[in-house]
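Please examine the sequence and the structure shown below before reading the report. Each section then takes up one aspect of the fold or its surface.

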Amino acid sequence: MTIGASLFLIAVGAILKYAVTANVSFIDLRITGVILMVIGVLGLVLSLFFGASARSRETPPHPGPRL
């Protein structure tokens with residue numbers, strides 16, 4: 001999951017939890033919002049962790065021939 005997708009899930013979850021006041025009979029929108037926010041935070045943490053570890057494994061560029 002990318003950082004953008006994680007932020008999107010957090011934003012949609014927060015909107016469902018705090019801004020939507022509609023009542024739907026087959027789903028609880030507040031619980032759905034919390035679930036989306038938790039998934040978004042987990043995805044954000046994992047993408048930052050794997051992105052940082054991928055950058056640390058890169059080899060530095062070869063400096064070129066010495067003159």
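The report that follows moves from the whole chain to individual residues.

## Overall composition

The model described here is predicted. The protein has 67 residues, of which 15% are buried. Its secondary structure consists of 2 helices and 0 strands. Helix α1 covers residues 3–19, and helix α2 covers residues 29–56.

Contacts can also be described by how far apart the partners lie in the sequence. Among the contacts between residues at least 6 apart in sequence, 58% join residues at least 24 apart.

Residue S6 is located in helix α1. Is S6 buried or exposed? The relative accessibility of S6 is 0%, so this residue counts as buried, the cut-off for that class being under 20%.

Which residues does S6 touch, once its neighbours within four places in sequence are left aside? The contacts of S6 are then with M1, G40, G43 and L44. Of these partners, G40 and G43 have numbers that fall within the range of helix α2, residues 29–56.

V38 is part of helix α2. With a relative accessibility of 46%, V38 counts as partly exposed, because this value falls between the limits of 20% and 50%. The C-alpha atom of V38 is separated by 8.5 Å from that of G13, although the two residues are 25 residues apart along the chain.

I35 also belongs to helix α2. The relative accessible area of I35 is 47%, and this residue is therefore partly exposed as well.

## The surface

The accessible surface of the protein amounts to about 5,500 Å². Carbon and sulfur atoms account for 71% of that surface.

Which residues make the nonpolar surface patch of about 390 Å²? The patch is formed by M1, I31, I35 and I39.

## An aromatic pair

How many aromatic pairs does the structure hold? There is 1 such pair. The pair is formed by F49 and F50, with an edge-to-face arrangement. The ring centres of F49 and F50 are 5.4 Å apart, and the angle between the planes is 65°. Both F49 and F50 are exposed.

Key
Residues are numbered from 1 along each chain as its sequence is written. This is a predicted model: local features need pLDDT of at least 70, side-chain atom pairs count only at pLDDT 80 or more; totals for chains, interfaces and linings use all residues. Side-chain values use heavy atoms; hydrogens and water are left out. Helices (H or I, at least four residues) and strands (E, at least two) are DSSP runs, numbered from the N terminus. Buried means under 20% relative accessible area, exposed over 50%, partly exposed in between (1.4 Å probe, protein chains only). Contact means heavy atoms within 4.5 Å. Accessible areas come from the Shrake-Rupley method with a 1.4 Å probe; for residues, only the protein chains shown count as cover. Patches are made of residues with over 30% relative accessible area and no salt bridge: like charges are joined within 9 Å, nonpolar side chains (Val, Leu, Ile, Met, Phe, Trp, Tyr) within 5 Å. A salt bridge is a side-chain nitrogen of Lys or Arg within 4 Å of a carboxyl oxygen of Asp or Glu. Rings of Phe, Tyr and Trp (its six-membered ring) pair if their centres lie within 6.5 Å; planes under 30 degrees apart count as stacked, over 60 as edge-to-face and the rest as tilted.
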